[in-house]
Amino acid sequence: MRIVLASSEAVPYSKTGGLADVTSALAKSLAGSGHNVTLVVPHYPQLQRQNGKRPLASTGQPLQIWLGGKIVTANLYWGTLPGSDVTVLFVDQPDFFDRPALYGNKDGDYQDNCARFCFFSRAVMEACRTLVLRPDIIHANDWQTGLIPALLEAEYRDQPGFENTSSVFTIHNLAYQGQFWHWDYNLTGLDWKYFNAEQMEHWGGLNLLKTGISFSDMVTTVSPTYAYEITTPLGGMGLDGILSRRSGDLVGILNGIDPDEWNPATDEHLPANYDAKTVFEIKPQCKAALQQELNLEVRPDVPLFGMVSRMADQKGFDLVATAAEEMLKLDAQFCFLGSGDPRYEALVRHLANTYHGRVAATVGFDNGLAHRIEAGSDAFLMPSRFEPCGLNQMYSLAYGTAPIVRSVGGLKDTVVDASPKNLFLGAATGFRFEDYDAAGLLWAVRRAAEMYPKKNLWQQLIRSGMSQDFSWGKSAGRYVEVYERVRGIGGGGGSGGR
Ligand code: ADP
Ligand code: GLC
């Protein structure tokens with residue numbers, strides 16, 4: 001199959017969160033099983049330079065895009081995703097994408113985000129047309145590419161090269177909807193007839209996530225539990241109505257992990273490598289090195305709890321704030337890595353200043369340290385309010401680090417609680433708590449701290465975690481099933497169908 005994947009971020013070129021890991025890993029896995037995959041991403045030159053990457057080769061095919069009544073030009077560069085046959089097309093438009101960050105700065109989101117990503121979505125379609133990619137499937141991801149399924153239906157369907165193209169739209173996070181005021185609708189370039197509550201309009205404004213949901217032939221999200229949660233008023237974030245209507249075309253496919261990036265046996269960021277056979281011998285070295293690096297007391301006997309996360313309300317930092325004092329009554333250490341909401345940045349800095357040698361806080365984005373925290377910690381905190389899938393809990397399992405998670409979304413689908421029954425069955429892999437409150441988090445942290453010195457039990461937990469299979473093969477196979485289901489139906493599924 002010819003598959004075009006469109007995403008606003010992809011490792012190793014750009015990343016703010018899990019979307020970047022998932023885009024590239026899925027592309028590689030699909031290409032590995034023989035599909036013809038083209039990945040289209042914006043070109044962010046400042047990030048490219050920071051990554052030390054070489055300048056890219058031009059396709060020699062500039063694009064001219066209509067945007068809000070003007071023509072905006074873009075260059076199209078190309079490359080190959082490392083370690084794969086995936087062709088990557090980079091949409092180069094310096095005014096829109098040559099910025100220090102992907103979506104915004106300290107003052108909030110960039111004011112022209114609607115224009116930037118309407119432009120990008122149109123550029124994806126124009127790239128398909130001018131390079132004659134003739135895709136069977138265009139797979140768009142999150143609000144930044146939500147306009148794509150609508151463009152396919154409303155403008156491109158009758159153009160040569162798109163006769164057999166179907167669209168799939170993946171929701172990675174319903175909390176980010178690309179909601180803009182109604183006048184921004186002009187930037188879509190589409191007829192105002194689509195600006196209605198069934199398709200693109202939401203609370204009087206333009207909603208690009210809703211657009212992707214309503215026009216695509218099939219909608220996926222990143223775990224089975226989240227696929228259910230988002231059809232309920234509690235988890236639907238205002239879009240549960242439309243998601244319920246499309247529930248026959250909505251599937252949850254669990255993300256996988258990319259073994260080229262996240263494998264303790266080969267990870268170049270670690271001071272020493274290990275696998276399931278050597279974990280109990282080598283992991284203590286990683287822990288000691290991490291304690292040293294972060295100025296924590298170098299003590300093998302205390303459990304070290306790690307947390308690597310975007311600092312957003314989603315991730316449960318308010319629970320950490322409330323539970324911190326009690327958690328620190330335990331003989332335990334904590335290390336935090338993250339950036340985002342200034343309140344949570346201040347929180348972790350405050351904890352590190354107050355509890356010298358027991359709490360470490362690194363505010364910023366540091367991929368190498370994220371890997372070392374996964375390997376050097378004994379347990380990993382993910383007390384999310386909601387979590388579409390979550391990758392860090394899976395990385396933790398692979399790295400022999402027990403995840404402590406709230407029972408929600410993908411966390412519920414991937415972590416088996418250390419209840420007496422599950423321990424007895426040898427199925428337990430981590431610690432789960434149900435209600436979103438500090439008491440739940442504290443209960444789970446205490447259970448982990450109490451189990452940690454019981455070496456037999458702890459080692460059994462770690463072994464079960466490390467034996468889990470989160471490889472992409474299975475998940476990519478599910479995407480192929482979805483592609484097969486919509487292939488050639490040409491718009492029959494979405495509400496935008498002709
Ligand atoms: P989300 O996409 O909601 O942020 P995920 O768990 O799916 O959550 O993915 C987060 C990804 O981003 C992981 O690969 C994680 O290691 C990485 N990450 C998050 N914050 C940081 C940070 N401050 N430094 C380095 N990596 C980070
Ligand atoms: C989102 C979600 C996260 C998910 C990631 C990749 O950012 O918050 O749970 O793992 O996308 O799908």
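Which residues are closest to ligand 2, and how many surround it? Here are my notes, in numbered points.

1. First, the ground rules. This is a predicted model, in which local features need pLDDT of at least 70 and side-chain atom pairs count only at pLDDT 80 or more, while totals for chains, interfaces and linings use all residues. Residues are numbered from 1 along each chain as its sequence is written, chains are lettered from A and ligands numbered from 1 in the order in which they are written, and side-chain values use heavy atoms, with hydrogens and water left out.

2. Back to the opening question: ligand 2 is surrounded by 14 residues, and the closest are His-172, Asn-255, Glu-387, Cys-389 and Gly-390. A residue counts here if one of its heavy atoms lies within 4 Å of the ligand. By class, this shell holds 6 nonpolar, 6 polar and 2 charged residues; Cys and Pro are among those counted as nonpolar, Gly as polar, and Asp, Glu, Lys and Arg as charged. Helix H1 (residues 18-32) gives the most to the shell, with 3 residues; helices are DSSP runs of H or I with at least four residues, and strands are E runs of at least two.

3. Now the polar contacts (pairs of N or O atoms within 3.5 Å). Oxygen atoms of ligand 2 lie 2.8 Å from a backbone N or O atom of Gly-390, 2.9 Å from a polar side-chain atom of Asn-255 and 3.1 Å from an N or O atom in the side chain of Gln-314. The protein covers 93% of the 310 Å² of accessible area that ligand 2 has on its own, using the Shrake-Rupley method with a 1.4 Å probe.

4. Lys-28 pairs with Asp-260, with the closest N and O atoms 3.2 Å apart. The two partners are 232 residues apart: Lys-28 sits in helix H1, and Asp-260 in the loop between strand E15 (250-252) and helix H9 (279-293). Lys-28 is buried at 16% relative accessible area, whereas Asp-260 is exposed at 57% (buried is under 20%, exposed over 50%, partly exposed in between).

5. Another salt bridge worth a look joins Arg-372 to Glu-293, at 2.8 Å between the closest N and O atoms. Arg-372 belongs to helix H12 (residues 367-376) and Glu-293 to helix H9, 79 residues apart.

Terms used. A polar contact is a pair of N or O atoms within 3.5 Å; within protein, one must be able to donate a hydrogen and the other to accept it, and residues adjacent in sequence count only if both atoms are side-chain atoms. A salt bridge is a side-chain nitrogen of Lys or Arg within 4 Å of a carboxyl oxygen of Asp or Glu. Buried means under 20% relative accessible area, exposed over 50%, partly exposed in between (1.4 Å probe, protein chains only).
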